[in-house]
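Reader: Hi! Could you walk me through one part of this structure, the place where the ligand sits?

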Amino acid sequence: MKIKDKVLERLIKKKGMRVSGEQLASELSVSRTAIWKHINVLREEGYMIDSSTNLGYSLIETPDTLTPGEIKAGLKTEIIGKDIRYFKETESTNIIACEIAEKVDEGTLVIAESQTQGRGRLGRKWISPEGGIWLSVILKPKILPLHAPRITFLAGVSVSRTIRSFGLPAKIKWPNDILINGKKVCGILTEIRAETDLIDYIVVGVGIDANVDTESFPDEIKDSSTSLKKEKGDKINRVDFVRKLLEEFDGLYLKFRKEGFKSILEEWRNMSATIGEWVKISTQTRTIYGEAIGVDNEGALILETGDGQIEKIVAGSCEHLRRT
Ligand code: BTN
């Protein structure tokens, strides 16, 4: 971690209280002048830091940004978020994550305030303005490539748990859209690089319309999408949200490595908005209507079609239909 981030971490831990320049200098093994320079850079980044000659520095206000120093202060994870790559704006955190994946440690996080070429599932565009949470986590699990969707399910459960901890009734629409009151608030795009039976890396991209104004949504998604701010009636603290999400993700990933997928799938099923619904599934080759009666152990959707046939759908887009 850079010295500037370490200074910030200490100020955040003691927010509202004084930390002396001398103490910071000795803890970080640099001069008091160096500390003073880092404080000034932080001020330029929007941190309001009070200083007095004898008493030291005190953090008064933090900017609403998802900078590494902000997220790492008090972050309790073992793997995810140890290394954070932050961008004010980037084309797509998934693109960056795929570019660096081979050279960085498992758990590295790429996060941006906005994306210019956000990628969605099935080749769609993903609108990513400021106020949202756009992030990608790089993982290197020792599992077969055919089991990679398990990691997407794990991410869906982590997001859903996090939204619920903010007091909102999140559910999961198959395969991995997170809904609040029937409207989409989050999408997940997993990209994988693998040899025949070995995964090099998985990039899990998560896009959450956090403090985004729903009036700014394009017409095609206006009726079917929402934001955390809209559902809550107020802005949420994005740093707290990201920290909680990384902690949930980290905890579930460790559990997955130790105990396997069973309990995670069970939790996914309990959070499912799709099981029990009449759905329209569109795959690359066909459209199928039926009742979603479950998901199998790999996460494929089990459908009972109108003529009583059972079908398993591995990939496709899913629309919930109103019951007649
Ligand atoms: C979907 O179509 O539902 C998936 C959307 C995934 C969007 C996220 S935002 C962060 C990451 N970077 C991207 O370009 N896409 C994913």
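Reader: To start, how do the residues of the lining of the largest pocket divide into nonpolar, polar and charged?

Author: Keep in mind that this is a predicted model. The lining of the largest pocket divides into 15 nonpolar, 15 polar and 16 charged residues. That's 46 lining residues, and Asp 177, Lys 184, Ile 221, Ser 224 and Ser 225 are the ones nearest the pocket's centre. Several elements give two or more residues to this lining, among them α5, β7 (177-180), α7 (219-222) and β14 (317-321). As for volume, the largest pocket comes to about 1200 Å³.

Now for the ligand, which sits in that largest pocket. Two or more residues of the shell around the ligand come from each of α5 (93-100), β5 (133-139), β8 (183-194) and β9 (199-208). β8 has the largest share of that shell, with 4 residues. In all, 20 residues surround the ligand, and the closest are Ser 92, Gln 115, Arg 119, Arg 121 and Lys 184. Sort the shell by type and you get 6 nonpolar, 10 polar and 4 charged residues.

Let's zoom in on some atoms. Ser 92 has a polar side-chain atom 2.8 Å from an oxygen atom of the ligand. With Thr 93, a polar side-chain atom lies 3.1 Å from a ligand nitrogen atom. Arg 119 uses its backbone instead: a polar atom there is 2.7 Å from an oxygen atom of the ligand. On its own the ligand has 420 Å² of accessible area, and the protein covers 98% of that.

Terms used:
Residues are numbered from 1 along each chain as its sequence is written. This is a predicted model: local features need pLDDT of at least 70, side-chain atom pairs count only at pLDDT 80 or more; totals for chains, interfaces and linings use all residues. Side-chain values use heavy atoms; hydrogens and water are left out. A residue is near a molecule or strand if one of its heavy atoms lies within 4 Å of it. A polar contact is a pair of N or O atoms within 3.5 Å; within protein, one must be able to donate a hydrogen and the other to accept it, and residues adjacent in sequence count only if both atoms are side-chain atoms. Accessible areas come from the Shrake-Rupley method with a 1.4 Å probe; for residues, only the protein chains shown count as cover. On a 1 Å grid over the protein atoms alone, a cavity is a set of points where a 1.4 Å probe fits but cannot get out, and a pocket is an open set with protein on both sides within 12 Å along at least five of seven lines; lining residues have an atom within 4 Å of a point. A molecule sits in a cavity or pocket if more than half of its atoms lie within 2 Å of its grid points. Ala, Val, Leu, Ile, Met, Phe, Trp, Tyr, Cys and Pro count as nonpolar, Asp, Glu, Lys and Arg as charged, and the others, Gly among them, as polar. Grid points are joined across faces, edges and corners, and a volume is the space filled by probe spheres set on the points.
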